[in-house]
Structure formats: C-alpha cells, structure tokens
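Here is a short briefing for a first look at a structure. Please read it with the view open beside you.

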Amino acid sequence: MQRLNFLYQASTYLSSLAETEGRATSTAKADGQSATSSDLAGKGKQTDKAPLATPAYLSRAYVTSMKAISQKTVVKL
C-alpha cells in the first residue's frame, strides 16, 4: 500500500513539473522544431532511439507500474 502511495505522489509531482516546464519552453521548442525539421528532411524516421527520461515520460511509467502492482496486490483490513 505504501508503494502505491509513493508511486502516485511521484507521478503527480512529475506531471506537475512537466506542465510547468512545458509552458516555459514551449516558445523555444517551436523555434527549434522549424530548424530541425528542415535538417531531418532527408534522413527519414529514426525508430531505434530510446525514449527520453522526461518528467512526463517518468510520470506515465510510474502510473503503469502502479496499475500493475495494484492488480497483483490484495489488501486485507
């Protein structure tokens, strides 16, 4: 039960962190994407890259772990 509580709190914190971080860099990303899209036009898709460890990605991973653990756990009071 404590592990589920920790995962929930960590996920909530990271998602709020991702939201505030996304607002601060949204204009910078828009400028950067226009420059990189022209650079990558001839290279095609790159599917072998590992996902970045961003706060939003970690938050989703924690929720996935929390769901798996909660399905396996039996709580008796």
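The points below go from the whole chain to single residues.

This is a predicted model: local features need pLDDT of at least 70, side-chain atom pairs count only at pLDDT 80 or more, and totals for chains, interfaces and linings use all residues. Residues are numbered from 1 along each chain as its sequence is written, and side-chain values use heavy atoms, with hydrogens and water left out.

**Overall make-up**

- The protein chain has two helices and zero strands. Helices (H or I, at least four residues) and strands (E, at least two) are DSSP runs, numbered from the N terminus.
- Of the 77 residues in the protein chain, 13% are buried. Buried means under 20% relative accessible area, exposed means over 50%, and partly exposed lies in between (1.4 Å probe, protein chains only).

**Confidence**

- The average pLDDT of the protein chain is 74, and 58% of the residues score at least 70. The pLDDT is the predictor's confidence in each residue, from 0 to 100.
- Residues 34–39 have a pLDDT below 50, and this stretch has zero contacts in the model beyond near neighbours in sequence. Contact means heavy atoms within 4.5 Å.
- Where pLDDT is low, the predicted coordinates should not be read in detail.

**Helix α2**

- Helix α2 covers residues 55–72. At 1.5 Å a residue, its 18 residues should span 26 Å, and its end C-alpha atoms are 26 Å apart, which agrees. The expected span is 1.5 Å times one less than the number of residues.
- Pro 55, Ser 59, Met 66 and Ile 69 are buried in α2. Seen down the axis of α2, the buried residues fall within an arc of 90°, so they line one face of the helix. The arc is that of the directions from the helix axis to the C-beta atoms.
- Arg 60, Thr 64, Lys 67, Gln 71 and Lys 72 are exposed on the other side of α2.

**Ser 11 and Ser 59**

- Ser 11 lies in helix α1, residues 2–39. Ser 11 is buried, because its relative accessibility is 7%.
- Beyond its neighbours within four places in sequence, Ser 11 is in contact with Ser 59, Tyr 62 and Val 63.
- Ser 59 sits in helix α2. Its relative accessible area is 7%, so Ser 59 counts as buried.
- Not counting residues up to four places away in sequence, Ser 59 touches Ser 11, Leu 14 and Ser 15.

**Distances across the chain**

- Ala 56 is in helix α2 and is partly exposed, with a relative accessible area of 26%. Ala 56 and Ser 16 are 40 residues apart in sequence, and 8.7 Å apart in space from C-alpha to C-alpha.
- Met 1 belongs to the segment before α1 and is exposed, at 69% relative accessible area. Met 1 and Ile 69 are 68 residues apart along the chain, with 9.5 Å between their C-alpha atoms.
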